[in-house]
Amino acid sequence: MLENWYSPTCGTHWAQIRMPAGWEARVEMSTQTARDCEPMDCQTLNHAMTPPLWTNMLFAVNQPTVALAYVKLPTGEVKKLEASTAGP
């Protein structure tokens, strides 16, 4: 499960992903004007980490954001998950 969180107190967004231990995922956070990472260096969450896992915080006051996760299943199949926040 992918969740997109926002704190109005500090104006930051972050994503949390819950998945079974042993699975791998890659997570990106972005807005229309800001991006947490470039495609080649986004946060990668691997089987050595214990879920739930969180991304870095993205400063974007009152802006809608999108969290995208690419989860690699034990079968090798990759599933894309998306979680958005509303705009101001």
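This is a predicted model: local features need pLDDT of at least 70, side-chain atom pairs count only at pLDDT 80 or more; totals for chains, interfaces and linings use all residues.
A residue is called buried when its relative accessible area is under 20%.

Strand β2 spans residues 12-17 and is mostly covered, since six of its six residues are buried.

Strand β1, residues 2-7, is joined to β2 by six bridges, and the two run antiparallel. Within this pairing, S7 has T12 of β2 as its bridge partner. The hairpin of β1 and β2 has four residues between the strands, and there G11 takes a positive phi near 70 degrees.

Strand β2 also pairs with β6, residues 58-59, in the antiparallel sense over two bridges. Here the bridge partner of T12 is F59. A further antiparallel neighbour is strand β5, residues 53-54, which two bridges join to β2. In that case I17 has L53 as its bridge partner.

Why is Q16 described as buried? Its relative accessible area is 6%, and the cut-off for the term is under 20%, so Q16 counts as buried. The side chain of Q16 makes a polar contact with the side chain of E3, at 2.7 Å. Leaving aside residues up to four places away in sequence, Q16 touches M1, L2, E3, W5, P52, L53 and W54.

Terms used
Residues are numbered from 1 along each chain as its sequence is written. Side-chain values use heavy atoms; hydrogens and water are left out. Buried means under 20% relative accessible area, exposed over 50%, partly exposed in between (1.4 Å probe, protein chains only). Two strands pair if DSSP finds at least two bridges between them. A polar contact is a pair of N or O atoms within 3.5 Å; within protein, one must be able to donate a hydrogen and the other to accept it, and residues adjacent in sequence count only if both atoms are side-chain atoms. Contact means heavy atoms within 4.5 Å.
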